Amino acid sequence: MKDLLDERLKYLGITKYEVAKRVAKVRGKKVGDVTSSVANVLSGPERRRFDNLAEVIRALDGEIVVRWHTTEENVVS
């Protein structure tokens, strides 16, 4: 996941600080209030709260998708 986020930053040509600015804007906070949180998500996403990770991914113009690999039929009539 970290590599994926790093690649996205590189692709977009933005810095971690720019991501923090985007997250701060959504939260209605100052950039300094979220810089540490964003940096932690980007450096170790697997160890972060889901909502913080999802917020950073949205700031990178992305989304999290869950794809189930099993198919289940439900009879309704």
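1. Glu55 counts as buried because its relative accessibility is 14%; buried means under 20% relative accessible area, exposed over 50% and partly exposed in between, with a 1.4 Å probe and protein chains only. This residue lies in helix α4. Helices are DSSP runs of H or I with at least four residues, strands are runs of E with at least two, and both are numbered from the N terminus. Apart from neighbours within four places in sequence, Glu55 is in contact with Val23, Val26 and Arg27, where contact means heavy atoms within 4.5 Å.

2. On the basis of the values, the model is a predicted one: local features need pLDDT of at least 70, side-chain atom pairs count only at pLDDT 80 or more, and totals for chains, interfaces and linings use all residues. Residues are numbered from 1 along each chain as its sequence is written, and side-chain values use heavy atoms, with hydrogens and water left out.

3. Helix α4 is mostly covered, with seven of its ten residues buried. Besides Glu55, the buried residues of α4 are Asn52, Leu53, Ala54, Val56, Ile57 and Ala59. They pack against α1, α2 and α3.

4. What follows α4? The helix is followed by Asp61, whose phi is positive, near 60°, although Asp61 is not a glycine. Asp61 is exposed, since its relative accessible area is 64%.

5. The largest nonpolar core has 17 residues, and those with the most contacts inside it are Val19, Val23, Val38, Val56 and Leu60. Such a core is a set of buried Ala, Val, Leu, Ile, Met, Phe, Trp, Tyr and Cys residues joined through side-chain atoms within 4.5 Å. At least two residues of this core come from each of α1, α2 (16–27), α3 and α4 (50–59); α3 gives the most, with five residues. In soluble globular proteins, nonpolar side chains tend to be buried together.

6. Val19 is found in helix α2 and counts as buried because its relative accessibility is 0%. Not counting residues up to four places away in sequence, Val19 touches Leu9, Ile14, Val38, Val56, Ala59 and Leu60. The C-alpha atoms of Val19 and Ala39 are separated by 9.1 Å, while the two residues are 20 residues apart along the chain. Leu60, for its part, is in contact with Leu5, Arg8, Leu9, Leu12, Ile14, Val19 and Arg22, again leaving aside neighbours within four places in sequence.

7. How do α1 and α3 pack? Helix α1 (residues 2–12) and helix α3 (residues 31–43) pack at an angle of about 115°, with their axes 8 Å apart. Axes are lines fitted to C-alpha atoms, for helices over the stretch in contact, and angles run from 0 to 180 degrees between N-to-C directions. Lys2, Leu5, Asp6 and Leu9 of α1 make the contact with Val41, Leu42 and Ser43 of α3.

8. The largest pocket holds about 170 Å³ of space. Its lining consists of Met1, Leu4, Leu5, Glu7, Arg8, Ile57, Leu60, Glu63 and Ile64, and α1 supplies the largest share, four residues. A pocket is an open set of points on a 1 Å grid over the protein atoms alone, where a 1.4 Å probe fits, with protein on both sides within 12 Å along at least five of seven lines; lining residues have an atom within 4 Å of a point. Grid points are joined across faces, edges and corners, and the volume is the space filled by probe spheres set on the points.
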